[in-house]
Amino acid sequence: MTTQTAALADRTVSRIGYGAMQLERLHDRRDEAVALLRRAVELGVDHVDTAEFYGFGFVNDVIREVLRPEDDVLVVTKVGADPNPGGHLPLRLAQRPEQLRASVEDNLRSLGVDRLAVVNLRRLDTGPGLRPEGDQVVDLDDQLAVMTALRDEGKIAAIGLSSVTLDGLRRALPAGVVCVQNAYSLVSRDDEDMLQLCAAEDIAWVPFFPLGGSFPNLPKATDEPTVHAVAESLGVTPSQVGLAWLLHHAPNVLLIPGTANTAHLEANIAVSGITLDAEALARLDGIESRSNDVAIG
């Protein structure tokens, strides 16, 4: 089995972290949200991914309550979108430099910290989801300028990118990039070249939708007969196989599966103990990759 820690920013973290977005499903059951995040820390999670627009600030508030300095958990947040209560979608794009700065300030305040460890710039150039229009179409260099300024000011410690193209990543490398979050899974491997560039540059690859698309008509790893066959042979679930494949595929992959269910949390973290032999990997590698580059209006 591959090593179960990897580099992220200036830290070494467990390769299975926790994506906190699903905590917003527990908005009316705050005690359960608090207990779930505490359980994640007990299980060894030391990398949590969040955003101010998750639950309109609720998720950050729970993180602020639960995580203590002695837990030594690396919290990664993102900018590029803001909460949009009452809107058609729960978020609105916030790509302009002044909006990125304001979003950093919002995250500092809601997380109750003086500096954000890692901030992902959500570009929305690729993958499933929204696309910028009008004044939200902003040049990457202008965004990187404000992100590096915020880093120089000590408000953020490190910069990541999300939903970025290969060309965009190459342009951003001189600014210093510690991680990339793009949609990527066993069944959607469009960004293979970018993953390999990240590996060569010691940049963590943190896929969202790690089991495939959450939107309609996007491929899902758990729909694949081969995934089910491998899972049955190992006595694990298809979801666990899809996540285990990612860990085996490249050493710089970090996972942040999200859930609002404690049993699912424990199953996700148990993936670190699953070994895929050469035959299983060959069968899984042979699954067709389909694009998930779909714009959502």
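**Entry 1: the first hairpin**

I began at Ala6, whose bridge partner in strand 2 is Val13. Strands here are DSSP runs of E with at least two residues, helices are runs of H or I with at least four, and both are numbered from the N terminus. Strand 1 (residues 5-8) and strand 2 (residues 11-14) run antiparallel, joined by 4 bridges. Two strands count as paired if DSSP finds at least two bridges between them. The hairpin has 2 residues between its strands, and Ala9 takes a positive phi near 55°.

A note to myself: this is a predicted model, where local features need pLDDT of at least 70 and side-chain atom pairs count only at 80 or more, while totals for chains, interfaces and linings use all residues. Numbering starts from 1 along each chain as its sequence is written, and side-chain values use heavy atoms, leaving out hydrogens and water.

**Entry 2: the sheet and His47**

Next I looked up the open sheet: 7 strands in the order 3-4-5-8-9-10-11, with parallel pairing. Strand 3 (18-19) and strand 11 (204-205) are the edges, each pairing on one side only. Strand 3 pairs with strand 4 over 2 bridges, and Gly19 has Asp49 of strand 4 as its bridge partner.

Buried means under 20%, exposed over 50%, and partly exposed in between, using a 1.4 Å probe and protein chains only. Beyond four places in sequence, the contacts of His47 (heavy atoms within 4.5 Å) include Leu8, Val13, Tyr18 and Ile256.

**Entry 3: helix 4**

Helix 4 (residues 140-152) has 13 residues and spans 18 Å between its first and last C-alpha, close to the 18 Å expected; that expectation is 1.5 Å times one less than the number of residues. At the N-terminal end, Asp139 is the cap, with a side-chain oxygen 2.9 Å from the backbone nitrogen of Asp141. Just after the helix, Gly154 has a positive phi of about 85°.

Which residues of helix 4 are buried? I noted Leu140, Gln143, Leu144, Val146, Met147, Thr148 and Leu150. Their packing partners include strand 5 (74-79), helix 3 (97-111) and helix 5 (166-172).

**Entry 4: the cores**

I ended with the largest nonpolar core, which has 82 residues. A core is a set of buried Ala, Val, Leu, Ile, Met, Phe, Trp, Tyr and Cys residues joined through side-chain atoms within 4.5 Å. Val180 is among those with the most contacts inside this core. A second, separate core has 13 residues, including Leu74 and Cys179.

Key. A polar contact is a pair of N or O atoms within 3.5 Å; within protein, one must be able to donate a hydrogen and the other to accept it, and residues adjacent in sequence count only if both atoms are side-chain atoms.
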